[in-house]
Protein chains: 2
Amino acid sequence: MNIKKIGSGTYKIHGNVSVLSCAAVVGDMEKKGPLGHCFEHYSSDEYFGQDSFEKAESYMQKEAMKYAVEKSGYTAEDIEFIFAGDLLNQCIGSNYSVRDTAIQFFGLYGACSTMAEGLILGAMAIDGGFASRVIAMTSSHFCSAERQFRFPLEYGAVRPRSAQWTVTGAGCVVLGCEKTFPRIRHVCPGAVCDMGIKDMGNMGAAMAPAAALTLKRFLDDTGTTPEDYDLILSGDLGEVGYDLLKNLLSHDNIFLGNNYDDCGRLIYDRKTQDVHSGGSGCGCSASVLTGYVLPKMRCREYNNVLFMTTGALMSPISSLQGETIPGIAHLVHLQNDGEVEAQA
Amino acid sequence: MNIKKIGSGTYKIHGNVSVLSCAAVVGDMEKKGPLGHCFEHYSSDEYFGQDSFEKAESYMQKEAMKYAVEKSGYTAEDIEFIFAGDLLNQCIGSNYSVRDTAIQFFGLYGACSTMAEGLILGAMAIDGGFASRVIAMTSSHFCSAERQFRFPLEYGAVRPRSAQWTVTGAGCVVLGCEKTFPRIRHVCPGAVCDMGIKDMGNMGAAMAPAAALTLKRFLDDTGTTPEDYDLILSGDLGEVGYDLLKNLLSHDNIFLGNNYDDCGRLIYDRKTQDVHSGGSGCGCSASVLTGYVLPKMRCREYNNVLFMTTGALMSPISSLQGETIPGIAHLVHLQNDGEVEAQA
């Protein structure tokens, strides 16, 4: 059997798998950040009118899905699958956000790598002939994440300089088999990579090796170099992980230039917003992708983009038990032009 | 585009997607239950030689994967993807079990529905031409589940009669594109179904409506009746959910007979083992499938089986916040014979 695999683990999407529409919903701090003008949907109430942070997070996903589906020109009945997940225990952000739809649902857990994980599985479902249209979405919320992973906000715990700030935001993408753009051209799922980092206050260091593994694999498999892309965007490595990724890849003679950036660096202004190493959380890459990158691709400001989300796969329990932090990075290659080889 | 969809949401697997091998690893109580003779790999130490219950759970998955891959005749290098998840916060059972492999990994969260969710995504990946071989696996552990979802064991909390006993067990399946049997012929992913149940001590009631939705959909879509199958097996509805599912379906004139059973009813002897409504947990359906059902299909005792796992998608936090419990049920149709229409 000829499978759609290139090299050691990049997969070519043969047919049309296109972004039909997308939407982001963010919180107050994200709206006030450097990408604020990109975010149409936001709330200055961190509860989003709900009665808990967890319900607020779920509400953001629901809203993002509503806006994205509306913009796609389709209704929920036209969509086969939802791929969604989040950081909350048992992924309640997603489980409750999809409760009122009748769309068949695949729950994911990829920590902050979830947005690309969902896009990969969605693209595979469409290209494999199982769906005409799918949704990929995810979210995070600063307040629900802090109390679950770290300390209740009321403690006022001091964070190390390497720590990141969980983005309050959700992003939703509707993918379809239509001939439009941007299209998903390749996907490169991640393998777990654990370099022995144990510091929960330094996620960038835990995730950077996984990002290096996936990006190197993709470039090797496709025979391309970083210069071939308008933008290479990692999910939420933050400042620490951003530097580390560049450093790690340089040992393999891969040099990331000005076309490389990280969603966690873009979403906040580190001079005026006290976010230490930058943004993090599933909602970081999801809102930057849906609010900033995809709209810029639609107006052809970017035409060839690598979107790579990174996840730290530990839990507070595993860390208390002395475990290291495994990382993972999933990559999606988005392109506006180029030939499509075969229609599924 | 012609997608592989039948009716409202059943998907036909056109090529060969076969079970190459499988393995179960269980705990002491499961070994002493009515299916004990089916379980080759077990431990009477609930820690499995590890220093925490969570690490024990992860170890079980790792062992199940090792045995399943060995039996497949392949090595890890021949396998493209792992689809895995579990009940632990941030799915650490799975994340740590796959850490030492280089296989590309998709983390799932489907609560106790994870085994069929992984099989569905795995079958779609192979049939869609993205993989030659994949792994689907999951686990649960009584002690890690009790302390996370309910009370520390030391409290000796009294459980209601409708409560279930989380199975200590893991199951792993290797799927491949080889012409062998049993094969996956159809898949029917679940949609979320929430009938307003709030009682965390009655998961069977929370999940039964989702099971009814998926099974009715599959039977309608394929134009088949329950009598057409040698075995219809739900994941972990337990006694309460088993009765409810039969009752719910009877209102639609679907009558489940003696060929219907539930993994949660099969794995323990309710007369001698104090498990109340029966077994539950991701490991319940996973170990019954891999220890009991698939071997019985290999020796043609069963030839045509519906395997439907059910998940309760709440968390302790959502329940404390007064939320209801959404359910989901994913179905896989396994068959030994019958024509394969197209090889991918």
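I began with burial in chain A: 63% of its 344 residues count as buried (20 or more other C-beta atoms within 10 Å of a residue's own, with C-beta atoms placed from the backbone). The model is predicted: local features need pLDDT of at least 70 and side-chain atom pairs pLDDT 80 or more, while totals for chains, interfaces and linings use all residues. Residues are numbered from 1 along each chain as its sequence is written, and chains are lettered from A and ligands numbered from 1 in the order of writing.

**Fold of chain A**

I counted 10 helices and 15 strands in chain A (DSSP runs, H or I of at least four residues for helices, E of at least two for strands, numbered from the N terminus). The radius of gyration is 18 Å, close to the 20 Å of the globule rule for 344 residues, so chain A is as compact as a globular protein of that length. That radius is taken over C-alpha atoms, and the rule is 2.2 Å times the number of residues to the power 0.38. I boxed the C-alpha atoms along the principal axes and got roughly 55 × 50 × 35 Å.

**Domains of chain A**

I noted domain 1 (5-176) and domain 2 (183-335), with bounds from an automatic or database domain assignment. Their centres, over C-alpha atoms, lie 17 Å apart.

**Strand β10 of chain B**

I then turned to β10(B), residues 183-188. All 6 of its 6 residues are buried, so the strand is largely enclosed by the rest of the structure. It pairs antiparallel with β2(B) (10-12) through 2 bridges, where pairing needs at least two DSSP bridges. B:Lys12 has B:His186 as its bridge partner. β10(B) also runs antiparallel to β15(B) (327-335), with 5 bridges. There B:Val187 stands opposite B:Val332.

**Symmetry**

Last, I superposed chain A on chain B: a rotation of 180° with 0.0 Å of shift along its axis does it, at RMSD 0.0 Å. The two copies are thus related as by a two-fold rotation axis.

Technical notes. Least-squares fit on C-alpha atoms with pLDDT ≥ 70 in both. Buried ≥ 20, exposed ≤ 12 C-beta atoms within 10 Å, placed from the backbone.
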